[in-house]
Amino acid sequence: MMSAVKPPPGRIRRVTRDQRARSFPDAESLARAWREFRRTGADAIRNRLIEHYLYLVRYNAERIGAKLPDEVDVDDLMSAGIFGLVDAIDAFDLERGVKFETYCAPRIRGAILDELRNMDWVPRLVRHRAHKLAHATRTLEAELGRVPHDDEIARRLKMTKPQFQKLLRDANAISLISLSRKYTDPDSQRDVFEIDVLPDDRSCDPVLEAQKRDVRDLVTRGLSRAERLIVVLYYYEQMTMKQIGQTLDLSESRVSQMHSAILARLRDQLHARQRELETVAET
């Protein structure tokens, strides 16, 4: 799937024109194969021609893949490009005097791009507008030497504020991040995947939990066991007065009275502590 996310810095994809497999040892045998294929259309000859020109598919797939995120596999692009190569072989006219390499390159590239568009869940118009937004933002950053404001970008794009806000919503919708995206940690010299650094909202922050525990101990210091349970169950366990009464074998009204008395006592203690701190600060 295509994505508007920029590839991480330092990524290198090798692009090569090397022909690693030769189904035909020389140009003469290749020309004979073409003439025989045009005459008979034999599948065996077509397959040998596909193997011979497979390096063109790899070259075009790597060139296109170099501009795409790491999640797009070059092998998948090659699979799409092979269909373009097969169509080019079937439609190639020997009498026109055009080199097959020149003729088939646009077909291979077109097949790959068509497959990318089919896999892309974002409409082409939305993606085109997102590219315009990114281009305008980069241009203004270079001109102003800072991150441009939304109003400045909207003026550059000659859009009203509602139109620009809609463009922002559409642009944000096309930004996808794969959990299999891989980074290299310079400290440990090992590969780190996006899923390894993704925060888990369901997990507890140990620092926050320690702070809550300290506040709870401070607040409940000096309270009786029943009073401490009322504070903990009501404010930390989110239980109702009725549930607390059932737990402590007390009536709901009694729990409410104790709760009010506890709050009044804690308020007095905090005010007294504040006055002590103010006195110390004055001296």
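Visitor: Which helix holds R46 and D43, and how many residues apart are they?

Guide: Helices here are DSSP runs of H or I with at least four residues, numbered from the N terminus. R46 and D43 both sit in helix 2 (residues 43–52), three residues apart, or about one turn of the helix. Keep in mind that this is a predicted model, where local features need pLDDT of at least 70, side-chain atom pairs count only at pLDDT 80 or more, and totals for chains, interfaces and linings use all residues. Residues are numbered from 1 along each chain as its sequence is written, and side-chain values use heavy atoms, with hydrogens and water left out.

Visitor: What do the side chains of R46 and D43 form?

Guide: The general idea: a salt bridge is a side-chain nitrogen of Lys or Arg within 4 Å of a carboxyl oxygen of Asp or Glu. R46 and D43 meet in one, at 2.6 Å from N to O.

Visitor: Is R46 buried or exposed?

Guide: Buried means under 20% relative accessible area, exposed means over 50%, and partly exposed lies in between (1.4 Å probe, protein chains only). R46 has 18% relative accessibility, so it counts as buried.

Visitor: Where do R58 and D75 lie?

Guide: Their side chains meet in a salt bridge at 4.0 Å, N to O. R58 is in helix 3 (residues 54–65) and D75 in helix 4 (residues 74–91), so the pair ties together parts 17 residues apart in sequence. R58 is partly exposed at 28%, and D75 is partly exposed at 43%.

Visitor: How many salt bridges are there in the whole structure?

Guide: The search finds 12. Among them, R146 pairs with E152, with the closest N and O atoms 2.7 Å apart.

Notes. Helices (H or I, at least four residues) and strands (E, at least two) are DSSP runs, numbered from the N terminus.
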